[in-house]
Amino acid sequence: KPTADFLWCYIGSVVVSERVKALFDALKVASVRFCPVSLRKVGTRSAKLPSPIPSTGEPEHIINEVRVRISPKSAPRYYEMVILAKSKPPPGATPTEVCSICGAKTLDWSKRRPIMLASMWTGDDIFLVDTTGYILVTDKLRKHLERLCPTNVEFKEPPPEGLIGAIKSM
């Protein structure tokens, strides 16, 4: 079972522990929502035990026949943190095409500069940098998170281009 406060699924996606969720809830951070997750596989090692199979062979009967190995009360609770806010587009991220059906934008990636400038900030304490999937936090939120001493997360100093603060997976 995981013990870290931050679990990194892929860029722009993060699963957090109950104590991180509680901090965001206490601070009333408006630009995030939390969804409970059921952890199925954590880490890189494969399971050593065979999958449980009900006597009937029907997958839906597993609920009635196979006992739970870890009590839900003892397993740590984790939540996917869905970040709703994003920055304004970075320099050069002007769409070259827009799909008439779904509205998806096509960019000329050679012209887009993957940076965060102060002028791109929309006022949220946590947000995704548009077109990148990078998660950024303000200094105000970073200080609250650092007091929590979270695990499996690193805060970087802002580079001179104007980043506000960054959460980066380790």
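Trainee: How are two packed helices described, and at what angle do α1 and α3 pack?

Mentor: Two packed helices are described by the angle between their axes and the distance between the axes. In this predicted model, helix α1 (residues 18–27) and helix α3 (residues 139–148) pack at an angle of about 140°, and their axes are 11 Å apart. That makes α1 oblique to α3, because only angles over 145 degrees would count as roughly antiparallel.

Trainee: Is the crossing of α1 and α3 left-handed or right-handed?

Mentor: The α1 and α3 crossing is right-handed.

Trainee: Which residues of α1 and α3 make the contact?

Mentor: From α1, the contact is made by R19, V20, L23, F24 and L27. From α3, L141, H144, L145 and L148 take part. Sorted by class, the contact of α1 with α3 has seven nonpolar residues, one polar and one charged.

Trainee: Which residues of α1 are buried, and how do they fall when seen down the axis of α1?

Mentor: Buried means under 20% relative accessible area. In α1, V20, K21, L23 and F24 are buried. Seen down the axis of α1, these buried residues fall within an arc of 155°, so they line one face of the helix.

Trainee: What do the buried residues of α1 pack against?

Mentor: Their partners are strands and a helix. The strands are β1 (6–10), β2 (13–17), β3 (32–37), β4 (78–83) and β7 (126–128), and the helix is α3.

Trainee: Now the other helix. Which residues of α3 are buried, and which are exposed?

Mentor: L141, R142 and L145 are buried in α3. Down the axis of α3, its buried residues fall within an arc of 100°, so they too line one face of their helix. K140 and R147, on the other side of α3, are exposed.

Trainee: What comes just after each helix, in terms of phi?

Mentor: A residue with a positive phi follows in each case. After α1 comes K28, with phi near 55°. K28 is not a glycine, and this residue lies in the loop between α1 and β3. At 70% relative accessibility, K28 counts as exposed. Just after α3, C149 takes a positive phi of about 55°. C149 is not a glycine either. The loop between α3 and β9 holds C149, which is exposed, with a relative accessible area of 55%.

Trainee: How many residues apart in sequence are V153 and D5, and what is their distance in space?

Mentor: V153 and D5 are 148 residues apart in sequence, yet 7.9 Å apart in space, C-alpha to C-alpha.

Trainee: What share of the contacts in the chain comes from residues 24 or more positions apart?

Mentor: Among contacts with a separation of 6 or more, residues 24 or more positions apart account for 61%.

Trainee: How many helices and strands does the chain have, and in what order do the elements run?

Mentor: The chain has three helices and ten strands. From the N terminus on, the order is β-β-α-β-α-β-β-β-β-β-α-β-β.

How values were computed
Residues are numbered from 1 along each chain as its sequence is written. This is a predicted model: local features need pLDDT of at least 70, side-chain atom pairs count only at pLDDT 80 or more; totals for chains, interfaces and linings use all residues. Side-chain values use heavy atoms; hydrogens and water are left out. Axes are lines fitted to C-alpha atoms, for helices over the stretch in contact, and angles run from 0 to 180 degrees between N-to-C directions. Helices (H or I, at least four residues) and strands (E, at least two) are DSSP runs, numbered from the N terminus. Angles under 35 degrees count as roughly parallel, over 145 as roughly antiparallel, 65 to 115 as roughly perpendicular and the rest as oblique. A crossing is left-handed if the near helix is turned anticlockwise from the far one by less than a right angle, and right-handed if clockwise. Contact means heavy atoms within 4.5 Å. Ala, Val, Leu, Ile, Met, Phe, Trp, Tyr, Cys and Pro count as nonpolar, Asp, Glu, Lys and Arg as charged, and the others, Gly among them, as polar. Buried means under 20% relative accessible area, exposed over 50%, partly exposed in between (1.4 Å probe, protein chains only). The arc is that of the directions from the helix axis to the C-beta atoms.
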